[in-house]
Amino acid sequence: MIRIVIAEDQELLLEAMGNLLNLEDDIEVVGTAVNGEEAIMLVNQLQPDICIMDIEMPEKSGLEAAESLQENACKVIILTTFARPGYFRRALKASVAGYLLKDNPSEELAYSIRSIMDGKRIYSQELMDEDTSETSDHLSHKTSQTINKGSVKNYLTSIMDKIKLPTG
């Protein structure tokens with residue numbers, strides 16, 4: 001079982017991601033945090049396999065939290081809505097295992113989690129700084145094909161479908 005901590009300051013998205021990932025047979029969300037400080041505390045306390053973090057959160061950003069967790073065995077996946085100059089280089093320096101768009105469908109996030117557990121690093125092409133694009137070889141073929149698809153709405157629609165609620 002892959003144990004996950006999720007850190008996201010938008011509570012609806014936090015709950016949606018947690019619910020979707022818990023529907024996967026091999027993934028269990030063991031903790032949730034609404035800021036970077038709380039994420040660091042939960043990772044140290046619960047020792048998850050992966051911590052998924054929003055890049056911009058109160059108290060400590062996802063990048064600051066990732067930097068603090070470099071010595072921890074937990075692999076960090078950073079999620080963001082759009083690219084900002086210098087963030088990708090900083091994510092690489094913090095040894096994050098994944099740097100992904102929030103727009104990805106939940107199936108793509110689950111695929112990325114499994115790939116990262118298998119030792120791969122997954123980076124969304126759109127988030128890479130121009131001068132660091134040589135790291136694109138870390139993207140798997142499937143990820144590079146599907147990384148642009150979906151939106152936060154996909155997370156919510158997928159939840160509705162899985163729990164059989166109307167999506168109107």
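**A guided reading of a predicted model**

Guide: Seven helices and six strands make up the protein. Helices (H or I, at least four residues) and strands (E, at least two) are DSSP runs, numbered from the N terminus. Along the sequence they follow the pattern β-α-β-α-β-α-β-α-β-α-β-α-α. The model is predicted: local features need pLDDT of at least 70, side-chain atom pairs count only at pLDDT 80 or more, and totals for chains, interfaces and linings use all residues. Residues are numbered from 1 along each chain as its sequence is written, and side-chain values use heavy atoms, with hydrogens and water left out.

Visitor: Why is Lys-120 called partly exposed?

Guide: Its relative accessibility is 43%, and therefore Lys-120 counts as partly exposed. Lys-120 is placed in the loop between H5 and S6. In that region, just after H5, Gly-119 takes a positive phi of about 100°. Not counting residues up to four places away in sequence, Lys-120 touches Ala-97 and Ser-115; a contact means heavy atoms within 4.5 Å. The C-alpha atoms of Lys-120 and Ala-97 are separated by 7.4 Å, although the two residues are 23 residues apart along the chain.

Visitor: How many aromatic pairs does the structure hold?

Guide: It holds two aromatic pairs. Rings of Phe, Tyr and Trp (its six-membered ring) pair if their centres lie within 6.5 Å; planes under 30 degrees apart count as stacked, over 60 as edge-to-face and the rest as tilted.

Visitor: Why is the pair of Phe-88 and Tyr-99 called tilted?

Guide: The ring centres of Phe-88 and Tyr-99 are 5.7 Å apart and the planes stand at 40°, so the pair is tilted. Phe-88 is in helix H4 (residues 87–93) and Tyr-99 is in strand S5 (residues 98–101), 11 residues apart.

Visitor: What makes the pair of Phe-88 and Tyr-123 edge-to-face?

Guide: The ring centres of Phe-88 and Tyr-123 are 5.3 Å apart and the planes stand at 80°, so this pair is edge-to-face. Tyr-123 lies in strand S6 (residues 122–123) and Phe-88 in helix H4, so the pair ties together parts that are 35 residues apart in sequence. Phe-88, Tyr-99 and Tyr-123 form one aromatic cluster. Phe-88 is buried because its relative accessibility is 0%. Tyr-99, at 0%, is buried, and so is Tyr-123, at 2%.

Visitor: How do you know that the sulfur of Cys-74 is too far from that of Cys-51 for a bond?

Guide: A disulfide is a pair of cysteine sulfur atoms within 2.5 Å. The sulfur of Cys-74 has its closest cysteine sulfur in Cys-51, 5.3 Å away, and this is too far for a bond. A search of the whole structure finds zero disulfides. Cys-51 is buried, with a relative accessible area of 0%, and Cys-74 is buried at 6%.

Visitor: Why is Asp-54 called buried, and which side chain makes a polar contact with that of Asp-54?

Guide: Asp-54 has a relative accessible area of 5%, and therefore it is buried. Asp-54 lies in strand S3 (residues 50–54). A polar contact is a pair of N or O atoms within 3.5 Å; within protein, one must be able to donate a hydrogen and the other to accept it, and residues adjacent in sequence count only if both atoms are side-chain atoms. The side chains of Asp-54 and Lys-102 make such a contact at 3.2 Å. Not counting residues up to four places away in sequence, Asp-54 touches several residues, among them Ala-7, Asp-9 and Leu-79.

Terms used: Buried < 20%, exposed > 50% of the residue type's maximum accessible area, 1.4 Å probe, protein only.
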